[in-house]
Amino acid sequence: MPEKIKNIIKNLLFAFLFLSIGFSIGKELTKRSFQEKILEKTSLSQKLEGTKIIVYYMHSTFRCATCNKIERLTEEVLNKNFAESLKNGSIEFKSVNFQKDEELAKKYKIATGCVVVAKIANGKDIAFKVLEDVWTLYNEPDKFNEYVSDGIREIISK
């Protein structure tokens with residue numbers, strides 16, 4: 001067999017070997033990522049036992065297109081990343097006019113539209129976080145998703 005053909009076959013075998021190894025590694029990483037997501041969902045519901053998270057979209061009486069987009073994006077984050085918790089009721093979403101609900105606005109010190117994440121136990125707030133940067137991130141859906149998700153996870157862990 002000529003040397004050139006041997007080199008071609010050798011290179012093809014190496015390519016097959018490296019592709020097989022890469023595929024195996026990718027498959028294992030995907031499997032681990034899926035297992036981690038299952039564990040995260042389980043730990044979220046365990047952390048929330050006996051408590052509830054309420055994600056408020058606080059808006060004014062007059063609502064612009066941006067206000068509506070922020071509300072829609074917030075709901076999408078919840079449905080994408082916290083669907084199980086929404087389904088079992090450990091997380092709730094509420095859209096609230098802070099100009100009409102002055103008590104809630106005072107409680108969270110709200111003067112403009114934003115997202116508020118509150119952890120409630122026995123009817124009382126035990127932690128909350130005001131997510132004001134939704135206004136600067138609404139045109140960057142991935143960063144918005146990460147920001148709101150991180151805010152929710154932070155309050156869950158408190």
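Let me start with the surface patch. Ile-5, Ile-9 and Leu-13 form a nonpolar patch there, with about 260 Å² of accessible area together. This is a predicted model, so please hear every value I give as computed from it.

Next, a lysine. Lys-119 is in strand S3, residues 114-121. Which side chain of opposite charge is nearest to Lys-119? That is Glu-154, and the distance is 11 Å. Lys-119 is buried and has no salt bridge. For a salt bridge the nitrogen has to be within 4 Å of a carboxyl oxygen. What the side chain of Lys-119 does reach is the backbone oxygen of Ile-156, at 2.8 Å.

Now the aromatic rings. In general, a pair of aromatic rings is described by the distance of the centres and the angle of the planes. The count for this model is two aromatic pairs. In one of them, the ring centres of Tyr-56 and Tyr-108 are 5.7 Å apart and the planes are at 45°, so this pair is tilted. For Tyr-108 the relative accessibility is 1%, which is why it counts as buried.

Tyr-108 also pairs with Phe-128. Here the geometry is edge-to-face, with 4.9 Å centre to centre and 65° between the planes. Tyr-108 is in helix H4 and Phe-128 is in strand S4, residues 124-131, so this pair ties together parts that are 20 residues apart in sequence. Is Phe-128 buried or partly exposed? Phe-128 has a relative accessible area of 36%, so it is partly exposed. Taken together, Tyr-56, Tyr-108 and Phe-128 form one aromatic cluster.

On to charges. Side chains of opposite charge can pair when their charged atoms come close. The count for this model is nine salt bridges. I will go through some of them.

One of them is between Lys-129 and Glu-154, with the closest N and O atoms 2.7 Å apart. This pair links distant parts of the chain, since Lys-129 is in strand S4 and Glu-154 is in helix H6, residues 141-157, and the two are 25 residues apart. Lys-129 has a relative accessible area of 25%, so it is partly exposed. Glu-154 is partly exposed as well, with a relative accessible area of 31%. This is the glutamate I mentioned for Lys-119, where the distance was 11 Å.

Glu-154 has another partner. Its side chain meets that of Lys-158 in a salt bridge at 3.8 Å, N to O. Lys-158 is exposed, because its relative accessible area is 53% and exposed means over 50%.

Then there is Asp-150 with Arg-153, a salt bridge in which the closest N and O atoms are 4.0 Å apart. How far apart in helix H6 are Asp-150 and Arg-153? They are three residues apart, so about one helical turn separates them. Asp-150 is at 40% relative accessibility and therefore counts as partly exposed. Arg-153, at 30%, also counts as partly exposed.

Elsewhere, Lys-52, Glu-92 and Lys-94 are linked in a network of salt bridges.

Last item, backbone angles. Lys-109 has phi near 55°, a positive value in a residue other than glycine. Lys-109 is in the loop between H4 and S3. Its relative accessible area is 71%, so Lys-109 is exposed. Asn-122 is the other residue I want to show: its phi is near 55°, again positive and again in a residue other than glycine. Where is Asn-122? Asn-122 is in the loop between S3 and S4. With a relative accessible area of 77%, Asn-122 is exposed.

Note on methods. Residues are numbered from 1 along each chain as its sequence is written. This is a predicted model: local features need pLDDT of at least 70, side-chain atom pairs count only at pLDDT 80 or more; totals for chains, interfaces and linings use all residues. Side-chain values use heavy atoms; hydrogens and water are left out. Patches are made of residues with over 30% relative accessible area and no salt bridge: like charges are joined within 9 Å, nonpolar side chains (Val, Leu, Ile, Met, Phe, Trp, Tyr) within 5 Å. Accessible areas come from the Shrake-Rupley method with a 1.4 Å probe; for residues, only the protein chains shown count as cover. Helices (H or I, at least four residues) and strands (E, at least two) are DSSP runs, numbered from the N terminus. Buried means under 20% relative accessible area, exposed over 50%, partly exposed in between (1.4 Å probe, protein chains only). Lys and Arg count as positive and Asp and Glu as negative; His and the chain ends are not counted. A polar contact is a pair of N or O atoms within 3.5 Å; within protein, one must be able to donate a hydrogen and the other to accept it, and residues adjacent in sequence count only if both atoms are side-chain atoms. Rings of Phe, Tyr and Trp (its six-membered ring) pair if their centres lie within 6.5 Å; planes under 30 degrees apart count as stacked, over 60 as edge-to-face and the rest as tilted.
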